[in-house]
Amino acid sequence: MNRDYIFHEFTNSLCPECLQIVPAKVILKDEKVYLLKYCPTHGEQIELLEEVATYHLKKKLYDKPGTPIKVYSKVKKGCP
């Protein structure tokens, strides 16, 4: 099967309808980067992630690993 995009990596995202965590492919198409998501309830969706694919691919070279934070306030719905 021929596809009109290049697969880059897998990730997780949110369905914009129900806000459930759903699997997503990061794809390159027409020199842009998209998330191709699949929600069991709402079906396949595509979302623009970055308008310039070369920028998206190169910016990972400069990513700093995350650091743990100390939460000083009460957590409500996942947010301090």
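What follows is a short chat about a predicted model.

Modeller: Ground rules before you start: this is a predicted model, where local features need pLDDT of at least 70 and side-chain atom pairs count only at pLDDT 80 or more, while totals for chains, interfaces and linings use all residues. Residues are numbered from 1 along each chain as its sequence is written, and side-chain values use heavy atoms, with hydrogens and water left out.

Colleague: What kind of aromatic pair do F7 and F10 form?

Modeller: Rings of Phe, Tyr and Trp (its six-membered ring) pair if their centres lie within 6.5 Å, and planes under 30 degrees apart count as stacked, over 60 as edge-to-face and the rest as tilted. The structure holds one such pair. F7 and F10 sit 4.9 Å centre to centre with 55° between the planes, so the pair is tilted.

Colleague: Is F10 buried or exposed?

Modeller: Buried means under 20% relative accessible area, exposed over 50%, and partly exposed in between (1.4 Å probe, protein chains only). F10 has 61%, so F10 is exposed.

Colleague: Which strand holds Q45?

Modeller: Q45 counts as buried at 16% relative accessibility. Q45 touches C15, P16, L35, L36, K37 and C39, leaving aside residues up to four places away in sequence (contact means heavy atoms within 4.5 Å). Strands (E, at least two residues) and helices (H or I, at least four) are DSSP runs numbered from the N terminus. Q45 lies in residues 43-50, strand β4.

Colleague: Where is H56?

Modeller: H56 is another buried residue, at 7% relative accessibility. H56 touches V26, V33, L49 and E50, again not counting residues up to four places away in sequence. The run is residues 53-59, and its name is helix α1.

Colleague: Last one: which strand holds L14?

Modeller: L14 counts as partly exposed, at 42% relative accessibility. The place of L14 is in residues 6-14, strand β1.
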